[in-house]
Amino acid sequence: MVFLTSFTTLYSQEKTTSQGKCYVYLTFDDGPLNGSENINDIVLQEKIKISVFMVGMHVIKNRQMDTYAKYYDQNPYIDEYNHSYTHANNHYEAFYNDPAQSVKDILYNQTLLKLPYKIVRLPGRNMWRMDGRSKNDGTSGIQTADQLAKLGYKVVGWDVEWQHQPADGTPIQSVETMYNAVKGWCASGKTFTKNNVVLLIHDEMFQKSWEESELKQLIDLLRTDQNYTFEQMRFYPQ
């Protein structure tokens, strides 16, 4: 997890640096959930490319969530990727202690949701396996990531997290803080791939309507700078 105490510092140190093109990847985990319908509306209105990492159990166990998943299916600006079927039932150590089972869970999700791209983000883990490069945030999950890479998956993590309150999904950092964070990491050259910034967000953070949403406010701020381009994870890196 990347903490925002360093984001503002990075930005203040780097803001005078000449900055070229930076690709920003808005990635949403754990959907569909309450909030997914508003994300869908925002993206349709703003015509912004985003990436959603889907949990199959949410789709099949709740009729409303299935409807939200169909919104995503039909939205031309949204790419859908794999975030496992069970989300490890939120017991991550046990999930990754059995790599064969965790890989099976992810492969099942791929088939169940008919996901078109072999791109996965591991639940509860910030790990990368891409183009011969790798990054781990600990030892738990390494075997799962390695096995998925051998099966042809791109395992993707993130550079910056917009954190939220677990109880109700309320975003913790302000829109301005997140804007400065993205700008700081774009300028820093310290992301997994230079000039590419992957922002981790969660669906439940945006249960307000489109016009009131912090997500819309962040998009509007980033759009003020022509150096920033929104892209989807299947095109990573640029």
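Mentor: Start with His87, which is placed in the loop between β3 and α5 (92-96). Helices (H or I, at least four residues) and strands (E, at least two) are DSSP runs, numbered from the N terminus. The model is predicted: local features need pLDDT of at least 70, side-chain atom pairs count only at pLDDT 80 or more, and totals for chains, interfaces and linings use all residues. Residues are numbered from 1 along each chain as its sequence is written, and side-chain values use heavy atoms, with hydrogens and water left out.

Trainee: What phi does His87 have?

Mentor: His87 has a positive phi of about 55° although it is not a glycine. His87 counts as buried, at 9% relative accessibility; buried means under 20% relative accessible area, exposed over 50%, and partly exposed in between (1.4 Å probe, protein chains only). Asp30, in strand β1, is another non-glycine with a positive phi, of about 80°. Asp30 also counts as buried, at 11% relative accessibility.

Trainee: Which peptide bond is cis with omega near 0°?

Mentor: The bond from Gly31 to Pro32 is cis, with omega near 0°. Pro32 belongs to the loop between β1 (22-31) and α2. The bond from Tyr236 to Pro237 is cis too, with omega near -5°, and Pro237 falls in the segment after β10 (228-230).

Trainee: How do I read a helix, and which residues of α4 are buried?

Mentor: An α-helix has 3.6 residues a turn, so residues three or four places apart point the same way. Helix α4 (residues 63-74) has 12 residues and reaches 17 Å from first C-alpha to last, close to the 16 Å expected at 1.5 Å a residue (the expected span is 1.5 Å times one less than the number of residues). Its buried residues are Met65, Tyr68, Ala69 and Tyr72. Seen down the axis of α4, they fall within an arc of 105°, so they line one face of the helix; the arc is that of the directions from the helix axis to the C-beta atoms. On the other side of α4, Arg63 and Gln74 are exposed.

Trainee: What do the buried residues of α4 pack against?

Mentor: They pack against α2 (36-46), β2 (50-54), α3 (56-60) and β3 (78-82). Take Ser36, a residue of helix α2 that counts as buried at 1% relative accessibility. Leaving aside neighbours within four places in sequence, Ser36 is in contact (heavy atoms within 4.5 Å) with Gly31, Tyr68, Tyr72 and Asp203.

Trainee: How many of the residues of α8 are buried?

Mentor: In α8, 12 of the 14 residues are buried, so the helix is largely enclosed by the rest of the structure. Among them are Met178, Trp185 and Cys186. Helix α8 (residues 175-188) reaches 20 Å from its first C-alpha to its last, close to the 20 Å expected at 1.5 Å a residue. Just after α8, Gly189 takes a positive phi of about 70°.

Trainee: Which residues does the disulfide join?

Mentor: A disulfide is a covalent bond between the sulfur atoms of two cysteines. The search criterion is a pair of cysteine sulfur atoms within 2.5 Å, and a search of the whole structure finds one. This disulfide joins Cys22 to Cys186, with S to S at 2.0 Å. The pair links distant parts of the chain, Cys22 in strand β1 and Cys186 in helix α8, 164 residues apart. The link is left-handed, with -70° about the S-S bond. Cys22 is buried at 1% relative accessible area, and Cys186 counts as buried at 3%.

Trainee: How many salt bridges does a search of the whole structure find?

Mentor: The search finds 11, where a salt bridge is a side-chain nitrogen of Lys or Arg within 4 Å of a carboxyl oxygen of Asp or Glu. One of them pairs Glu46 with Arg223, the closest N and O atoms being 2.8 Å apart. Glu46 lies in helix α2 and Arg223 in helix α9 (residues 214-223), so the pair ties together parts that are 177 residues apart in sequence. Glu46 is buried, with a relative accessible area of 8%, whereas Arg223 counts as partly exposed at 42%. Glu46, Lys216, Asp220 and Arg223 are linked in a network of salt bridges.

Trainee: Where do Asp66 and Lys70 lie?

Mentor: Both lie in helix α4, four residues apart, about one turn of the helix. Asp66 counts as partly exposed at 26% relative accessibility, and Lys70 is partly exposed with a relative accessible area of 41%.
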